[in-house]
Amino acid sequence: MIKAKRMGHASFTTTDLDLRIEVEPDQWQLGSVGLEVLEALENHTYDVVFLDVEMPEMDGLEAARRIVQAYGAKRPRLIALTAHAMREHRAACLDAGMDDFLTKPLRPAELQAALTRTEELARAA
């Protein structure tokens with residue numbers, strides 16, 4: 001189980017991972033495809049969106065591009081989740097507008113560090 005220190009983030013995750021994260025239920029929403037996050041953003045404000053890079057219907061890179069285009073500076077922080085750890089994969093995620101990059105399998109310390117970095121980005125914005 002990943003125990004993420006609660007930082008007040010409302011999060012949306014699109015991933016095929018069996019994530020068990022200890023947070024308040026109303027602070028976390030899970031989806032399975034990129035289109036779901038776009039629909040969810042129309043109805044709810046999220047602080048952080050975790051995007052699996054490889055999803056059916058719309059991959060995480062395209063979802064990130066659309067979120068950046070639609071919401072600009074008022075968008076949630078975007079964190080990539082991927083099994084690919086190569087430098088070019090990280091660069092593609094950042095170029096698409098993601099703020100951070102995590103590789104699978106997720107490690108609790110890395111997840112916590114990413115949440116801390118996104119909180120710092122949000123404060124600086």
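Biologist: Which exposed residues sit on the face of α4 turned away from its buried side?
Modeller: Ala109, Arg123 and Ala124. Exposed means over 50% relative accessible area, buried means under 20%, and partly exposed lies in between (1.4 Å probe, protein chains only).

Biologist: What kind of model is this?
Modeller: This is a predicted model: local features need pLDDT of at least 70, side-chain atom pairs count only at pLDDT 80 or more, and totals for chains, interfaces and linings use all residues. Residues are numbered from 1 along each chain as its sequence is written, and side-chain values use heavy atoms, with hydrogens and water left out.

Biologist: What is the average pLDDT of the chain?
Modeller: The average is 79, and 77% of the residues score at least 70. pLDDT is the predictor's confidence in each residue, from 0 to 100. Over residues 1-9 the pLDDT is below 50. That stretch still has 32 contacts in the model beyond near neighbours in sequence. A contact means heavy atoms within 4.5 Å.

Biologist: How many helices and strands are there?
Modeller: The protein chain has four helices and five strands. Both are DSSP runs, numbered from the N terminus: helices are H or I with at least four residues, strands are E with at least two. Starting at the N terminus, the order is β-β-α-β-α-β-α-β-α.

Biologist: How much of the chain is buried?
Modeller: Of its 125 residues, 46% count as buried.

Biologist: Back to α4. Which of its residues are buried?
Modeller: Leu111, Gln112, Ala114, Leu115 and Thr118. They sit on the same side of α4, because they cover an arc of only 160 degrees around the axis. The arc is taken from the directions from the helix axis to the C-beta atoms.

Biologist: And what do the buried residues of α4 pack against?
Modeller: They pack against three strands: β3 (48-52), β4 (77-82) and β5 (100-103).

Biologist: Where is valine 48?
Modeller: Valine 48 is in strand β3. It is buried, with a relative accessible area of 0%.

Biologist: How do β4 and β5 run?
Modeller: They run parallel, joined by four bridges. Two strands pair if DSSP finds at least two bridges between them. Leucine 81 has leucine 102 of β5 as its bridge partner. In β5, Asp100 and Leu102 point one way, Phe101 and Thr103 point the other way, and all are buried.

Biologist: Now α2. Which residues are buried there?
Modeller: Gly60, Leu61, Ala63, Ala64 and Ile67. They fall within an arc of 160 degrees seen down the axis, so they line one face of α2. The face turned away from them carries the exposed residues Gln69 and Ala70.

Biologist: What covers the buried residues of α2?
Modeller: The cover includes α1 (34-43), β3, β4 and α3 (87-95).

Biologist: Where is the cis peptide bond?
Modeller: It joins lysine 104 and proline 105, with omega about -5 degrees. Proline 105 lies in the loop between β5 and α4.

Biologist: Last one. What is phi of glutamate 57?
Modeller: Phi is near 70 degrees, a positive value in a residue other than glycine. Glutamate 57 lies in the loop between β3 and α2 (60-71).

Biologist: Is glutamate 57 buried or exposed?
Modeller: Glutamate 57 counts as exposed, at 65% relative accessibility.
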